[in-house]
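Thanks for coming, everyone. Let me put the model up on the screen, and then I'll walk you through it.

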Amino acid sequence: MRRPPTIVETLAGTVALATSLALTGCSGATVDPATSATPTASGSALDGSITVYAAASLKTTFTELADDFEEANPGTTVELTFAGSSDLVTQITEGAPADVFASADEKNMTKLTDAGLVESSAPEDFATNVLTIAVPPSNPAGVTSLADLAEPDVKTVVCAPQVPCGAATVAVERAAGVTISPVSEESSVTDVLGKVTSGEADAGLVYVTDVEAAGDSVEGVPFAESDQAVNTYPIAPVADTADPEVARAFVALVTGEVGQGVLRGAGFGAP
């Protein structure tokens with residue numbers, strides 16, 4: 001009996017097919033989706049190095065996808081940089097050598113689109129995420145709701161307003177009629193989570209995927225108002241990338257069947 005394809009073989013076929021659709025119209029290249037490498041316009045396998053700038057909440061999933069991409073395309077290298085989306089936009093605007101940008105919200109992607117710093121084709125939405133409350137496993141402050149975070153004796157950490165998770169925090173505060181006075185505002189969601197896991201905070205507002213990835217180091221406290229701030233994640237190749245075919249193939253991976261499966265497994269919602 002023929003064995004089922006491995007994830008790498010499935011990945012290779014998905015990326016190959018997506019790249020083929022983008023290229024065959026102008027190049028005449030043909031693709032066998034069963035092959036283990038992605039052809040370029042000239043018909044050769046993918047070869048090159050790209051740097052992906054991605055929102056901090058994507059660290060676990062994009063690290064896995066980058067490894068799978070390199071295994072399926074041995075001539076490629078994917079370097080990853082994670083930070084708050086607003087910080088990444090600032091770096092790209094100032095000339096940082098990014099080839100792909102994946103944002104935790106549409107607002108920050110729009111900044112690059114308006115500046116002409118991503119490819120002319122529209123960025124593709126690939127995931128959604130919502131906030132939850134992260135507390136230490138013992139939940140020392142007894143947090144059970146968003147309103148509890150407004151209590152003066154609860155040390156709460158949030159993202160800064162310019163960061164997507166911070167903008168979402170402002171939105172849920174307004175929806176719930178709650179005003180939180182945080183002990184600190186962080187530049188990324190992973191920094192918020194770090195404050196909670198280290199015991200420096202009683203609670204933090206992070207994404208549901210961050211609690212999922214943190215395992216037993218934190219507990220999640222869901223709250224009804226979280227659906228008032230659903231963040232949509234877009235991705236796009238950066239303009240003037242030195243390896244556009246590799247960049248587009250990585251985007252195709254993220255938005256395709258394999259990438260979507262990895263993201264769903266980590267708790268992300270569909271775009």
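The lining of the largest cavity divides into nine nonpolar residues, four polar and no charged. Here Ala, Val, Leu, Ile, Met, Phe, Trp, Tyr, Cys and Pro count as nonpolar, Asp, Glu, Lys and Arg as charged, and the others, Gly among them, as polar. A cavity, for us, is a set of points on a 1 Å grid over the protein atoms alone where a 1.4 Å probe fits but cannot get out, and lining residues have an atom within 4 Å of a point. Of the 13 residues in that lining, Ala56, Gly84, Ala104, Val163 and Val189 lie nearest the centre. The volume is about 50 Å³, taken as the space filled by probe spheres set on the points, which are joined across faces, edges and corners.

A word on provenance: this is a predicted model, where local features need pLDDT of at least 70, side-chain atom pairs count only at pLDDT 80 or more, and totals for chains, interfaces and linings use all residues. Residues are numbered from 1 along each chain as its sequence is written, and side-chain values use heavy atoms, with hydrogens and water left out.

So how confident is the predictor? pLDDT, its confidence in each residue from 0 to 100, averages 87 over the chain, and 84% of the residues score at least 70. Residues 14–42 stay under 50, with 48 contacts beyond four places in sequence, a contact being heavy atoms within 4.5 Å.

Now, the sheets. Helices (H or I, at least four residues) and strands (E, at least two) are DSSP runs numbered from the N terminus, and two strands pair if DSSP finds at least two bridges between them. S1 (residues 48–55) pairs with S2 in the parallel sense over eight bridges, and threonine 51 stands opposite glutamate 79 in S2.

How values were computed. 1 Å grid on protein atoms, 1.4 Å probe; cavity = no way out; pocket = protein on both sides within 12 Å on 5 of 7 lines; lining within 4 Å. pLDDT = per-residue confidence, 0-100.
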